[in-house]
Amino acid sequence: MAKVERPLSPHLQIYRWYPTMAISIAHRVTGVGLALGLLLLTWWLVALASGPEAFATVYRVTTSWLGGFVLFIYTYVVLHHLVSGVRFLAMDVGWGYDIELARKVALGVPAVAAALTVITWIALLLAR
Amino acid sequence: MSLRTPIARVRGLGSAREGVHHWTWQRITAIANVPLVLWFVIGAVGRTGGGYEAYQAWLSSPLSATLMILLVVSVFYHARLGVQVVIEDYVHHEGLKVAALLALTLATFLLGGLCVVAVLMVALGSS
């Protein structure tokens, strides 16, 4: 059967963005980003298993300024996905559907994730 | 008594009957991921500056090696379930969708397998 081309109703340009909608899309985007980031995790682990010489390259890259910046962003992406994920788990058991509460919690997700990221990295710099 | 018409049965239309399994495991791996990812982020970020020795020593202990392997399995399974949904949502060409889902499965098994073997090599070997 031939595929009939049907017009797509505009949505992203029309609907007003709500915090809950934004957090849901961000959860998906961070998820895909993290899935791609698993390549980096694999690279790191394989280098560690390959001995000090192989790990030296990884070490040099991750402790450079650019590497550190990427890791900082990556930490935020992990924590954002984790915090919004916990929100979704809570909603799975029925908590947080009140409209105003849902809006406030959705706005709180990036704030909590950013705070946790900063705390983790400050602790890192202090421990060095 | 099944309400499906014979043609529907032949075409394989209707529910795949496995949807909840996917949903349940997405949640199980999500819950397992929370402590495991936090453990890993704190452990990894806390050891920067320690170099090869610090990380090798860390993952050599039986507990750390086990947690790392559990993290790898849980995270790769969770990622596979998640990306599977994304592919199903956005790829409309049937052949391309099947190919993408297959590639996803093979990739997660390959990379996940690599990670597990790497952790075992660090923990068991002297490298």
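Biologist: Hi! Where does helix 4 of chain A bend, and by how much?
Modeller: Helix 4 of chain A bends by about 30° at G108(A). A proline, P110(A), follows within four residues of that point. Keep in mind that this is a predicted model.

Biologist: Noted. What end-to-end span should that helix have, and what does it have?
Modeller: Helix 4 of chain A covers residues 99-127, which is 29 residues, and at 1.5 Å a residue they should span 42 Å. Its end C-alpha atoms are 42 Å apart, so the two values agree.

Biologist: Which of its residues are buried?
Modeller: In helix 4 of chain A the buried ones are A102(A), A106(A), V109(A), A113(A), T117(A), T120(A), W121(A) and L124(A).

Biologist: And what covers them?
Modeller: The cover includes helix 1 (19-49) and helix 3 (65-92) of chain A, and also helix 2 (19-46) of chain B.

Biologist: Let me pick a residue from that neighbourhood. Where is H80(A), and is H80(A) buried or exposed?
Modeller: H80(A) sits in helix 3 of chain A. H80(A) counts as buried because its relative accessible area is 5%, and the cut-off for buried is under 20%.

Biologist: What does H80(A) touch?
Modeller: Leaving out residues up to four places away in sequence, H80(A) touches I23(A), A26(A), T30(A), V109(A), P110(A) and A113(A).

Biologist: Nice link. Switching to chain B: where does helix 2 bend there?
Modeller: Helix 2 of chain B bends by about 35° at N33(B). Here too a proline follows within four residues, namely P35(B).

Biologist: What about its span?
Modeller: The 28 residues of helix 2 of chain B should span 40 Å at 1.5 Å a residue. The end C-alpha atoms are 40 Å apart, so that agrees as well.

Biologist: Which three residues of chain A supply more of its buried area than any other three?
Modeller: Those are R28(A), L45(A) and L48(A), which supply 20% of the area that chain A buries against chain B.

Biologist: And T42(A)? What does that one touch?
Modeller: T42(A) is in helix 1 of chain A. With residues up to four places away in sequence left out, T42(A) touches F76(B), L111(B), L114(B) and C115(B). The relative accessible area of T42(A) is 3%, so T42(A) is buried.

Biologist: How about T57(A), where is that?
Modeller: T57(A) is in helix 2 (residues 52-62) of chain A. With a relative accessible area of 36%, T57(A) is partly exposed. T57(A) and A47(A) are 10 residues apart in sequence, and their C-alpha atoms are 8.4 Å apart in space.

Biologist: Zooming out, how many helices and strands does chain A have?
Modeller: Chain A has four helices and zero strands. Its radius of gyration is 20 Å, well over the 14 Å that the globule rule gives for 128 residues, so chain A is more spread out than a compact globule. Its C-alpha atoms fill a box of roughly 55 × 45 × 30 Å along the principal axes.

Biologist: And how many helices are in chain B?
Modeller: Chain B has five helices and zero strands. The radius of gyration of chain B is 20 Å, whereas a compact globule of 127 residues would be near 14 Å. The C-alpha box of chain B is roughly 65 × 25 × 25 Å along the principal axes.

Biologist: Last one: what share of the residues is buried in chain A and in chain B?
Modeller: Buried residues make up 31% of the 128 residues in chain A and 36% of the 127 residues in chain B.

Note on methods. Residues numbered from 1 in each chain as written. Chains lettered and ligands numbered in written order. Predicted model: local features only at pLDDT ≥ 70, side-chain atom pairs only at ≥ 80, totals over all residues. Heavy atoms only, no water. Helix = DSSP H or I, 4+ residues; strand = E, 2+ residues; numbered from the N terminus. Expected span 1.5 Å × (residues − 1). Bend = angle between axes of the 7 residues up to and from the residue. Buried < 20%, exposed > 50% of the residue type's maximum accessible area, 1.4 Å probe, protein only. Contact = heavy atoms within 4.5 Å. Rg over C-alpha atoms; globule rule 2.2 N^0.38 Å. Buried area = accessible area lost by both parts, 1.4 Å probe.
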